[in-house]
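Please look at the sequence and the model together as you read this report.

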Amino acid sequence: MPDGEGGYERNMRVDVIATLEDAEAGRFAGRTAIVIDALRATSTIVTALANGADEVVPALTADEAAALRRPGDILGGERDGRAVPGFDCGNSPSDYAPEIVSGRRIVLTTTNGTRAIRLAANADGLLAGSFLNALACARSALAGGRDIVILCAGSRGQFALEDGLCAGAIADRMRQLTSGKLELDDFGSAMLALYRERSHTLTDALRRSPGGRKLARLGMEADVEACARVDICRTVPWRTENGALAGGRG
């Protein structure tokens with residue numbers, strides 16, 4: 001895997017898509033996709049796989065998740081921020097501790113994040129990114145040697161600040177790894193600048209975001225802090241042949 005010290009032979013193109021509604025299937029073909037739902041789905045997926053889960057299967061709906069469940073699986077997810085009634089876990093990273101998930105398969109459905117993963121299904125490679133694994137995710141995406149598209153899940157069709165900041169964090173790491181040899185689109189450049197401006201007060205920025213305020217109203221402010229930790233994890237969820245996400249190291 002390239003180490004970022006002159007190991008990348010060409011300038012890679014990186015586009016950042018602000019919301020699911022802005023995404024067209026053709027934008028993913030031939031590229032590596034990085035899907036971001038920083039508060040909380042991709043942070044939860046990273047945490048679960050880092051804590052020893054075998055794989056995470058994304059489902060669009062609660063009914064689909066229940067249908068995909070096998071004996072011994074963990075059924076997890078949320079709708080409108082709240083855990084789905086009858087499911088084993090919600091969408092908080094703390095729900096997926098090692099003693100709960102180690103060696104087990106997780107079927108997960110969320111309002112925005114798992115929809116984003118499914119939307120990018122025709123990408124040549126697909127990774128799940130978060131603040132937790134920003135550097136590792138950047139390194140893994142670049143190592144694929146393809147142009148990259150970063151998809152921000154957003155919230156019910158609207159841009160989510162936390163996802164944009166996370167896209168900026170990953171772009172920042174890519175710039176460092178390639179010694180600046182990176183072609184970043186206008187929106188991505190704006191998110192990179194915004195992340196660099198807010199990086200020293202990131203947790204506060206996430207708390208003040210609409211997504212962070214919503215979690216606080218639901219009594220889940222601790223999730224914001226859990227998702228705001230930067231580069232603490234080398235696990236990079238990647239899509240397997242069966243469409244699940246497994247954990248590699250970047």
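## Salt bridges

How many salt bridges does a search of the whole structure find? The search finds 16 of them, where a salt bridge is a side-chain nitrogen of Lys or Arg within 4 Å of a carboxyl oxygen of Asp or Glu. Side chains of opposite charge can pair when their charged atoms come close. This is a predicted model, in which local features need pLDDT of at least 70 and side-chain atom pairs count only at pLDDT 80 or more, while totals for chains, interfaces and linings use all residues. Residues are numbered from 1 along each chain as its sequence is written, and side-chain values use heavy atoms, with hydrogens and water left out.

One of the salt bridges joins Arg-173 to Asp-172, with the closest N and O atoms 3.2 Å apart. Both Arg-173 and Asp-172 are buried, a word that stands for under 20% relative accessible area, whereas exposed stands for over 50% and partly exposed for values in between (1.4 Å probe, protein chains only). Asp-172 and Arg-173 also belong, with Arg-196 and Asp-231, to a network of salt bridges.

Arg-198 pairs with Glu-197 at 3.6 Å, N to O; Arg-198 is partly exposed at 27% relative accessible area, and Glu-197 is exposed at 58%. Another salt bridge connects Arg-207 and Glu-221, whose closest N and O atoms are 3.5 Å apart. This pair links distant parts of the chain, since Arg-207 lies in helix H8 (residues 202-208) and Glu-221 in helix H10 (residues 221-227), 14 residues apart. Arg-207, at 28% relative accessibility, is partly exposed, and so is Glu-221, at 37%.

## Two helices that pack together

Helices (H or I, at least four residues) and strands (E, at least two) are DSSP runs, numbered from the N terminus. Helix H6 (residues 161-177) packs against helix H7 (residues 186-198) at an angle of about 95 degrees, and their axes are 7 Å apart. Such axes are lines fitted to C-alpha atoms, for helices over the stretch in contact, with angles running from 0 to 180 degrees between N-to-C directions. H6 and H7 are therefore roughly perpendicular to each other, because angles of 65 to 115 degrees count as roughly perpendicular, under 35 as roughly parallel, over 145 as roughly antiparallel and the rest as oblique.

Contact here means heavy atoms within 4.5 Å. Among the residues that meet are Leu-161, Asp-172 and Arg-173 in H6, and Met-191, Arg-196 and Arg-198 in H7.

## An enclosed helix and a buried alanine

Helix H1 (residues 41-50) is largely enclosed by the rest of the structure, because nine of its 10 residues are buried. The buried residues include Ala-41, Ile-45 and Leu-49. Just after H1, Gly-52 takes a positive phi of about 105 degrees.

Ala-246, which lies in strand S11 (residues 245-249), counts as buried at 14% relative accessibility. Not counting residues up to four places away in sequence, Ala-246 touches Leu-49, Asp-54, Val-236, Pro-237, Trp-238 and Thr-240.

## Cysteines without a partner

A disulfide is a covalent bond between the sulfur atoms of two cysteines. The rule applied here asks for a pair of cysteine sulfur atoms within 2.5 Å, and the count comes to zero disulfides. Cys-89 is in no disulfide, and its nearest cysteine sulfur, in Cys-227, is 15 Å away; Cys-89 is buried, at 8% relative accessibility.

Cys-233 is buried, at 14% relative accessibility.
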